[in-house]
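Dear colleague,

Please find the structure below, handed over for your records. My notes on what was found in it follow directly after.

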Amino acid sequence: WCPQVVELEQLSPPPVQEGSKGRQVTRDRGIDSESTFEVAVFAPSSLLEIKGKSEPFRSAYQLAPTGDGATKLTFTFELKEIDLVMRPFQKLIRNALQEGAIQTVENIKRLLEGAPA
């Protein structure tokens, strides 16, 4: 659902739970970046939060029933700090992250709405 992720590897044995670790490679505008992360919060059917171990980020997927049979998805991504050499590009980085977040949510929505009941 996140087209920037080109590799994803589970580093901890199944099942996924709080403390599970993973590795991902993302590709944005032709540049690959590898990072490791840990599941910080895992509440099946309601919340998945991961935090970067090698890079300072936090990402969360929260699902909440709306009462009309639908589900609200809230996706958040925070870049905790930006390297000194990248600070002049901070606005560009944040815009790219926002675009990626919107695309991720749209992709998850399409996947869920297309899933058989």
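Strands β2 (residues 21–28) and β3 (residues 31–43) pair in the antiparallel sense over 8 bridges; two strands count as paired if DSSP finds at least two bridges between them. Within this pairing, Lys-21 has Glu-38 of β3 as its bridge partner. In general, strands of a sheet pair through backbone hydrogen bonds, either parallel or antiparallel.

Please note that this is a predicted model, in which local features need pLDDT of at least 70 and side-chain atom pairs count only at pLDDT 80 or more, while totals for chains, interfaces and linings use all residues. Residues are numbered from 1 along each chain as its sequence is written, and side-chain values use heavy atoms, with hydrogens and water left out.

The protein chain has an average pLDDT (the predictor's confidence in each residue, from 0 to 100) of 81, and 79% of the residues score at least 70. Confidence is highest in strand β4 (residues 47–52), with a mean of 92, and lowest in helix α1 (residues 90–114), with a mean of 70.

The chain contains 1 helix and 6 strands, which run β-β-β-β-β-β-α from the N terminus. Helices (H or I, at least four residues) and strands (E, at least two) are DSSP runs, numbered from the N terminus. The 6 strands form an open sheet in the order β1-β2-β3-β4-β5-β6, with antiparallel pairing. Strands β1 (5–10) and β6 stand at the edges with a single partner strand each, so one side of each has no neighbour in the sheet.

A search of the whole structure finds 2 aromatic pairs. Rings of Phe, Tyr and Trp (its six-membered ring) pair if their centres lie within 6.5 Å; planes under 30 degrees apart count as stacked, over 60 as edge-to-face and the rest as tilted. The ring centres of Phe-57 and Phe-77 are 5.7 Å apart and the planes are at 15°, so this pair is stacked. Phe-57 lies in strand β5 (residues 57–65) and Phe-77 in strand β6 (residues 71–79), so the pair ties together parts 20 residues apart in sequence. Phe-57 is buried, at 8% relative accessibility, whereas Phe-77 is partly exposed, at 32%. Buried means under 20% relative accessible area, exposed over 50%, and partly exposed in between (1.4 Å probe, protein chains only).

The rings of Tyr-61 and Phe-75 have centres 4.8 Å apart and planes at 40°, so that pair is tilted. Both Tyr-61 and Phe-75 are buried.

Yours sincerely
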